[in-house]
Amino acid sequence: MIHRRILQLGAVVGVVGALAGCQVLKTPPPVQTYRFGLPAELPAVGDNPSTTTVAIRRIEFPTASGSDRILGVTGTETAYIGGARWVSPAATLFDESLKAAFATRADRIRVLDRREPGASPLVLQVSISTFEARYSAPGAAPDVVISARSLLRSTQGQGRTIERVFTVTQPAAENRVSAIVDAFDVATRDINTQIADWTIQSAK
């Protein structure tokens with residue numbers, strides 16, 4: 001009788017252990033990925049691109065917002081938006097968007113590929129200080145805020161450097177992930193268009 005009870009107890013323990021293992025291996029909730037900043041169709045480079053070239057250094061991004069997570073800020077509190085991520089690190093997507101902004105102006109200026117030999121007469125460094133969805137109150141529709149400090153250096157003559165800070169605020173239509181992503185998309189393309197146009201104007 002005692003031997004039979006020990007066997008029954010062992011069976012119960014085995015079932016409990018199996019259930020506990022199922023809980024540990026529970027599938028995490030799915031994460032939707034998004035991208036931002038690129039036009040629907042990238043333009044083809046013409047036969048006679050501009051002879052003015054610019055080398056664009058790698059974008060500098062804050063650690064908190066440069067990854068594939070979407071940063072939200074409410075007052076002094078920060079949190080990443082759950083269930084959503086960028087398809088690539090934000091710094092990579094922003095870099096692609098900036099080069100796309102210049103590609104639409106290839107008749108006036110050309111971006112020197114980082115693998116091309118030789119030096120460019122102009123060097124552009126863009127440093128992002130703010131890239132976040134900013135909430136005025138919990139649950140409110142946020143504003144996407146992007147701030148970028150741009151340094152344009154000439155490698156010829158006296159090698160002068162000029163700089164400008166760009167800031168774009170784009171309200172999200174509502175407090176939904178898709179609406180927030182749309183705001184990031186619009187804001188990124190807006191600020192990169194401004195940076196490209198400023199670079200072209202400054203090159204003159």
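Is Asp 107 buried or exposed? Asp 107 is exposed, because its relative accessible area is 56%. The model behind that value is predicted. Its pLDDT averages 84, and 78% of the residues score at least 70.

**Nonpolar core**

- The largest nonpolar core contains 41 residues. Trp 86, Phe 94, Leu 124, Val 126 and Phe 131 have the most contacts inside it.
- Seven elements are listed here, each supplying at least two core residues: β2 (53-56), β4 (77-86), α2 (90-103), β6 (122-135), β7 (143-154), β8 (161-171) and α3 (177-203).
- Helix α3 gives the most to this core, with 10 residues.

**Phe 94**

- Phe 94 sits in helix α2. Its relative accessible area is 0%, so Phe 94 is buried.
- Beyond four places in sequence, Phe 94 touches a set of residues that includes the aromatic side chains of Phe 36, Phe 61 and Phe 131.
- Ile 59, Val 126, Ile 128, Ile 146 and Ile 191 are also among the contacts of Phe 94.
- Thr 188 and Asn 192 are in contact with Phe 94 as well.
- Phe 94 and Gly 37 are 57 residues apart along the chain, yet their C-alpha atoms are separated by 6.6 Å.

**Helix α2**

- Helix α2 has 14 residues, which at 1.5 Å a residue should span 20 Å. The C-alpha atoms at its ends are 20 Å apart, so the model agrees with that expectation.
- The helix is mostly covered, with 10 of its 14 residues buried.
- Among the buried residues of α2 are Ala 90, Ala 91, Leu 93, Leu 98 and Phe 102. Ser 97, Ala 100 and Ala 101 are buried too.
- Asp 95 also belongs to α2. At a relative accessible area of 9%, Asp 95 falls under the 20% cut-off and therefore counts as buried.
- Leaving out residues up to four places away in sequence, Asp 95 touches Arg 57, Ile 59 and Arg 114.
- Ile 59 is in contact with Asp 95 and also with Phe 94.

**Salt bridges**

- The structure holds nine salt bridges. Side chains of opposite charge can pair when their charged atoms come close.
- Glu 96 pairs with Arg 35, and their closest N and O atoms are 3.3 Å apart. Glu 96 is in helix α2, while Arg 35 is in the loop between β1 (32-34) and β2, so the pair links distant parts of the chain, 61 residues apart.
- Both partners are partly exposed: Glu 96 has 31% relative accessibility, and Arg 35 has 42%.
- Arg 105 pairs with Asp 197, with the closest N and O atoms 2.6 Å apart. Arg 105 lies in the loop between α2 and β5 (110-111) and Asp 197 lies in helix α3, so this bridge ties together parts 92 residues apart in sequence.
- Arg 105 is buried at a relative accessible area of 11%, whereas Asp 197 is partly exposed at 33%.
- Arg 108 pairs with Asp 107, and their closest N and O atoms are 4.0 Å apart. Arg 108 is partly exposed, at 44% relative accessibility. Asp 107 is exposed, at 56%.

**Strand β6 and its partners**

- Of the 14 residues of β6, 12 are buried, so the strand is largely enclosed by the rest of the structure.
- Strand β2 runs parallel to β6, and three bridges join them. Ala 55 has Val 123 in β6 as its bridge partner.
- Strand β3 (residues 69-74) also runs parallel to β6, again through three bridges. Thr 74 is the bridge partner of Tyr 135 in β6.
- Strand β7 runs antiparallel to β6, with 12 bridges between them.

Conventions:
Residues are numbered from 1 along each chain as its sequence is written. This is a predicted model: local features need pLDDT of at least 70, side-chain atom pairs count only at pLDDT 80 or more; totals for chains, interfaces and linings use all residues. Side-chain values use heavy atoms; hydrogens and water are left out. A nonpolar core is a set of buried Ala, Val, Leu, Ile, Met, Phe, Trp, Tyr and Cys residues joined through side-chain atoms within 4.5 Å. Buried means under 20% relative accessible area, exposed over 50%, partly exposed in between (1.4 Å probe, protein chains only). Helices (H or I, at least four residues) and strands (E, at least two) are DSSP runs, numbered from the N terminus. Contact means heavy atoms within 4.5 Å. The expected span of a helix is 1.5 Å times one less than its number of residues. A salt bridge is a side-chain nitrogen of Lys or Arg within 4 Å of a carboxyl oxygen of Asp or Glu. pLDDT is the predictor's confidence in each residue, from 0 to 100. Two strands pair if DSSP finds at least two bridges between them.
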